[in-house]
Amino acid sequence: MNTAPMFDESIVGHRLSTLQFDKWDSVVDSFEEKKYKESILGLLDYIDSTIIKKRGNKEKTEFTIPHGSLKVHFTINDKEISLDAKFLKLPQKNYLPMLRQITEINFSVLNLTKIVLHGDELFFEMKSPIELCEPYKLYYIFSEVCTNADYYDDFFIEKFGATRLQEMEVEPFAKKDLDFAWDRYQAYLKEGLQSADYYMEKRLSGFAWDAFCTTLMKIDYVMAPQGYLISDIKKTHGELYGDSSIEEKIIATRKSITKLLEYSKEKFSESMYIPSFFHFSTSKVHCSKCSRWI
């Protein structure tokens, strides 16, 4: 390998965090002073200063906020906060295996919310007295709903034939960007396989591991895929961090990357769009008053 791996600038650009870290202490202060609604509104303002004006009603009691493939709807009154997010409609046939997996998610993945079945429609739901909506807790409720609903919906659509309950608020790729993404997607995967095979022949398994990791991270950086493709990529990336030996992890990852290469352009295109996000931090923010981190 006498050449460096391919590198391209991101097609979708760079998203800046909308979090306003200097407002966190005042959110906590409002809650401790029992100004519960003020604290909740302050939390929304902390996450994104445009939410209250763009996504709420005039009374500031009802909000609908898009995140990826779903929309989070919640209401506030003097006594409680109620949250729901339309998730999926069950398929007409063979829906019992899907419901079993939904039950597993409720009892293992979810901590503060739950998936509820109404007729043949699934919703993420949470209801709480307003005095129990401590800012840290509410922040993680929003994060739990958005992260898991956006991750699992494409899985259930692909595997069981479920359907969405609402239209996504997304921006499609321009044709030239889609063509470029498809070309680079295939090139990155082929390059990753060739690099890993080269290093494994020389028994440099650590370098082969790096080659696969770099391949998956490049795809995420350059084209930021969504939908079922990003679920497959995350699953493949997770195989690199399993408990097995590095050689076994490389063998498993190679099989998964080979499957990623079998995507048709049509199926690939279904995951190429730019969604709206209810932003959450990937770093910790310190609360000076209580010496906690979020």
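**Figure 1. Lys 159, Lys 235, Lys 255 and Lys 259 form a patch of positive charge on the surface of this predicted model.** One of the four, Lys 255, belongs to helix α9, which covers residues 246-260. The relative accessible area of Lys 255 is 57%. Because this value is over 50%, Lys 255 counts as exposed.

**Figure 2. Asp 150 is a buried residue without a salt bridge.** Asp 150 sits in helix α5, made up of residues 135-160. Which side chain of opposite charge is nearest to Asp 150? That side chain is Arg 164, at 6.4 Å. A salt bridge requires a side-chain nitrogen within 4 Å of a carboxyl oxygen, and Asp 150 has none.

**Figure 3. Contacts of Asp 150 with residues beyond its sequence neighbours.** With neighbours within four places in sequence left aside, Asp 150 touches His 67, Gly 68, Ser 69 and Leu 70, as well as Val 145 and Phe 277.

Figure 4. The chain holds 294 residues, of which 44% are buried. Of the contacts between residues at least 6 apart in sequence, 72% join residues at least 24 apart.

Methods. Residues numbered from 1 in each chain as written. Predicted model: local features only at pLDDT ≥ 70, side-chain atom pairs only at ≥ 80, totals over all residues. Heavy atoms only, no water. Buried < 20%, exposed > 50% of the residue type's maximum accessible area, 1.4 Å probe, protein only. Contact = heavy atoms within 4.5 Å. Helix = DSSP H or I, 4+ residues; strand = E, 2+ residues; numbered from the N terminus. Lys, Arg positive; Asp, Glu negative; His and termini not counted. Patch = residues over 30% accessible without salt bridge, like charges linked within 9 Å, V, L, I, M, F, W, Y side chains within 5 Å. Areas by Shrake-Rupley, 256 points an atom, 1.4 Å probe, with all protein chains shown as cover. Charge placed at Lys NZ, Arg CZ, Asp CG, Glu CD.
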